[in-house]
Amino acid sequence: MSDKVIPILDQRSGQALPKLPAQMLPPTGLLADALGRPLRDLRISVTDRCNFRCSYCMPKQVFDKHYEFLPHSDLLSFEEITRLARVFVAHGVQKLRLTGGEPLLRRHIEALIEMLSEIRTPEGLPLDLTLTTNGSLLARKAASLKAAGLQRVTVSLDGLDDAVFQRMNDVGFPVAEVLAGIEAAQAAGLGPIKVNMVVKRGVNDQEILPMARHFRGSGVTLRFIEYMDVGATNGWRMDEVLPSSEVLARLREEFDLLPLSASVAGETAERWSYVSENAGGQGEIGLISSVTQAFCGDCNRARLSTEGKLYTCLFAHRGHDLRALLRSGASEAELSGAIGLLWGGRADRYSQLRASGVSSLGDGERRVEMHYIGG
């Protein structure tokens, strides 16, 4: 039988330098896109490598031992990441999230965290500095991450049953080690911790209630994420999406839940609180519904890929090469001008268009892979 070939789009080829504005104006911290959405959140991918092979992100049949990841020289250095981060903060970014791949695979990641933790907003305030991880290395690194200046972590965990979880991560990694990482992060003070569960109908949806029972009252916020059509390799089908409304219905069969208001503008999760006689409360859950309830309208997130391309949407098909600007000797004013021009022209709203049946991509163009720009 012939091998199955899944074509992917390689985003790593060279591109022209981003355009610069005719007049270089200083950043005001009030940068908005073409739809009036501010720039508040920058997600920085520090590596395209991961030690898991989750089917919804890095399926093993594509990302096998023959797959060529980026050479280290192509990655942004810590100094380059920090320089770009300062420019984004000047434009209004208040939150930095380190992603991957698996960000804890990047050597000396604590040094980058220490550099980023020193950045202040124009008002002199510290940034919200966080990191998303699969938890596999968290137990051994939690204390050093906190000491470097990381504030909190989000951990990806798709089930508590070992057979289900190992089938999801596709490398046989046990649940117990991820749970140990979460405990280590709590002990180190990397909270409040969030746990993200991607729900696929017929694959791990039986884990919804066990996960809720486990994390209720633990101080950890569990968030259920609809299986998304990110990239071109995960074989996404709508019939494998379990809508958040169904997740909520299952939860309400066992728990009393009350809706909460958003904690910050542009928040992706719909928040629900457990109702409890305990005055201290039992915590909350979140529902992230980018397939069935698009939240493009207030999306304030930009993404910086491993080797320095700016993506203005998780579902984008093309990035803008900021690394080329950096390494061609661009000044701070030129970097700021390029970023301002790119965000100012942003009109992305892929999920809204998907919901209306309209494609926002040109014929034959493929979306960027999640491991390349983070979630």
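This is a predicted model: local features need pLDDT of at least 70, side-chain atom pairs count only at pLDDT 80 or more; totals for chains, interfaces and linings use all residues.
1. Of its 375 residues, 54% are buried.

2. Take the contacts between residues at least 6 apart in sequence: 75% of them join residues at least 24 apart.

3. Now find H1, residues 78-90, and look at how it sits against H9, residues 332-344. Their axes are 10 Å apart and the packing angle is about 60 degrees, which makes H1 oblique to H9. The crossing is right-handed.

4. Who touches whom here? H1 brings Arg83, Leu84, Val87 and Phe88, while H9 answers with Glu332, Leu335, Ser336 and Ile339. By class, that contact has 5 nonpolar, 1 polar and 2 charged residues.

5. H1 also packs with H2, residues 109-117; the two axes come within 10 Å and cross at roughly 25 degrees. Angles under 35 degrees count as roughly parallel, so H1 is roughly parallel to H2. This crossing is right-handed too.

6. On the H1 side of that contact you'll find Phe78, Glu79, Ile81, Thr82 and Ala85, and on the H2 side Ile109, Ala111, Leu112, Met115 and Leu116. The contact of H1 with H2 counts 8 nonpolar residues, plus 1 polar and 1 charged.

Definitions and conventions
Residues are numbered from 1 along each chain as its sequence is written. Side-chain values use heavy atoms; hydrogens and water are left out. Buried means under 20% relative accessible area, exposed over 50%, partly exposed in between (1.4 Å probe, protein chains only). Contact means heavy atoms within 4.5 Å. Axes are lines fitted to C-alpha atoms, for helices over the stretch in contact, and angles run from 0 to 180 degrees between N-to-C directions. Helices (H or I, at least four residues) and strands (E, at least two) are DSSP runs, numbered from the N terminus. Angles under 35 degrees count as roughly parallel, over 145 as roughly antiparallel, 65 to 115 as roughly perpendicular and the rest as oblique. A crossing is left-handed if the near helix is turned anticlockwise from the far one by less than a right angle, and right-handed if clockwise. Ala, Val, Leu, Ile, Met, Phe, Trp, Tyr, Cys and Pro count as nonpolar, Asp, Glu, Lys and Arg as charged, and the others, Gly among them, as polar.
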